[in-house]
Amino acid sequence: MHSATPGSAPDPALVARLRAAGCVFAEDEAALLEAEPVSEQEREAMVVRRVAGEPLELIVGWAEFDGLRITVAPGVFVPRQRSRLLVELASRAARSALERTPDSTPRVVDVGTGTGAIGAAISRRVPRAEVWASDIDPAAVECARVNLASNVVLGDLFSPLPHGLVFDVIVANAPYVPTERIAQMPPEARDHEHLVALDGGPDGLDIQRRVIEEAPERLAPGGVLIIESSREQAAVTADLMRTQGLAAEIHHDAELYATAVTGTSL
């Protein structure tokens, strides 16, 4: 195996090993592994781990997300590219809050933050935003504190946030996989991410329901709740938001294969 040089193609033998192991983006993964500043022996150990099914992000210790290098940790939900739709919608909402009150500081919370990737990306896009994040998993909170400078709290949804604190934007990538479908997930997720980050209950919406029920009292006037969803579940999520008095809208991004639902406080 050779070390990559700028502009060079990855080692075809490595690409073939990764492809044989089922890696869809074998060329890209080979290039990333070759770019790691490690010895040949260490690199081979990394390849063996990847061929055995361990997520590449855990092997190299980071994931690229919205132009950022996000530190990842064992068991913590690895950020998916589709969640960039949440970042786009949240950043747009935070800028709208700034336009309404130019001298204010838009306040954003990422509920169930995982690595803190979404909050970190929003902070980069809207530097004036005050970003908070919460997670019930101590491993996730520890990881998020590496990626977010401050305001990362341990606890269930909104409960660890300061009493009375309201937000212009609430964003949540809550688990939405139905329990019975966990076994069908790719092994990279099923075997390497904590169940609390994947299992959405019998219909996949248990955590979403709680977020939607609790969000209105945490939303500032005109504030927006943004939840990642699936195409199949989005209509139900939107109806749940309307039940709580929010103006709901479904958003799709074909390029990211992403769906999100927004609910605006009236």
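Y257 sits in the loop that links β8 (246-253) to β9 (258-265); helices (H or I, at least four residues) and strands (E, at least two) are DSSP runs, numbered from the N terminus. Its phi is near 50°, a positive value in a residue other than glycine. Is Y257 buried or exposed? Y257 counts as exposed, because its relative accessibility is 75%. The cut-offs are under 20% relative accessible area for buried and over 50% for exposed, with partly exposed in between (1.4 Å probe, protein chains only).

Before going on, a word on what you're looking at. This is a predicted model, where local features need pLDDT of at least 70 and side-chain atom pairs count only at pLDDT 80 or more, while totals for chains, interfaces and linings use all residues. Residues are numbered from 1 along each chain as its sequence is written, and side-chain values use heavy atoms, with hydrogens and water left out.

Now look at L157, another non-glycine residue with a positive phi, of about 50°. You'll find L157 in the loop between β5 (152-154) and β6 (167-172). L157 counts as buried, because its relative accessibility is 8%.

Stay with the loops for a moment and go to D137, between β4 (130-135) and α7 (138-147). With a relative accessible area of 11%, D137 is buried. Which residues does D137 touch, leaving aside its neighbours within four places in sequence? They are L154, H194 and V196, where contact means heavy atoms within 4.5 Å. P127 is 10 residues from D137 in sequence, yet the two are 27 Å apart in space, C-alpha to C-alpha.

Two packed helices are described by the angle between their axes and the distance between the axes. The axes here are lines fitted to C-alpha atoms, for helices over the stretch in contact, and angles run from 0 to 180 degrees between N-to-C directions.

The crossing of α1 and α2 is right-handed, meaning that the near helix is turned clockwise from the far one by less than a right angle. On the α1 side the contact uses L14, V15, L18 and R19, and on the α2 side A26, E27, E29, A30, L33 and E34. Sorted by class, that contact has six nonpolar, no polar and four charged residues. Ala, Val, Leu, Ile, Met, Phe, Trp, Tyr, Cys and Pro count as nonpolar, Asp, Glu, Lys and Arg as charged, and the others, Gly among them, as polar.

Next, follow α2 (residues 26-35) to α3 (residues 40-51), where the axes come within 10 Å and cross at roughly 150°. The two helices are therefore roughly antiparallel to each other, and the crossing of α2 and α3 is right-handed. E29, L33, E34 and A35 of α2 meet R43, M46, V47 and R50 of α3. By class, this contact has four nonpolar, no polar and four charged residues.

How do α9 (residues 206-214) and α10 (residues 234-243) cross? Their axes come within 9 Å, at an angle of roughly 25°. That makes α9 roughly parallel to α10. Q208, R209 and I212 of α9 make the contact with T237, L240 and M241 of α10. Three nonpolar, two polar and one charged residues take part. The crossing of α9 and α10 is right-handed.

Finally, zoom out. The chain has 10 helices and nine strands. Its radius of gyration is 19 Å, close to the 18 Å that the globule rule gives for 266 residues, so the chain is as compact as a globular protein of that length. The radius is taken over C-alpha atoms, and the rule is 2.2 Å times the number of residues to the power 0.38. Along its principal axes, the C-alpha trace spans about 60 × 45 × 35 Å. Buried residues make up 50% of the 266 residues.

Notes. Parallel < 35°, antiparallel > 145°, perpendicular 65-115°, else oblique.
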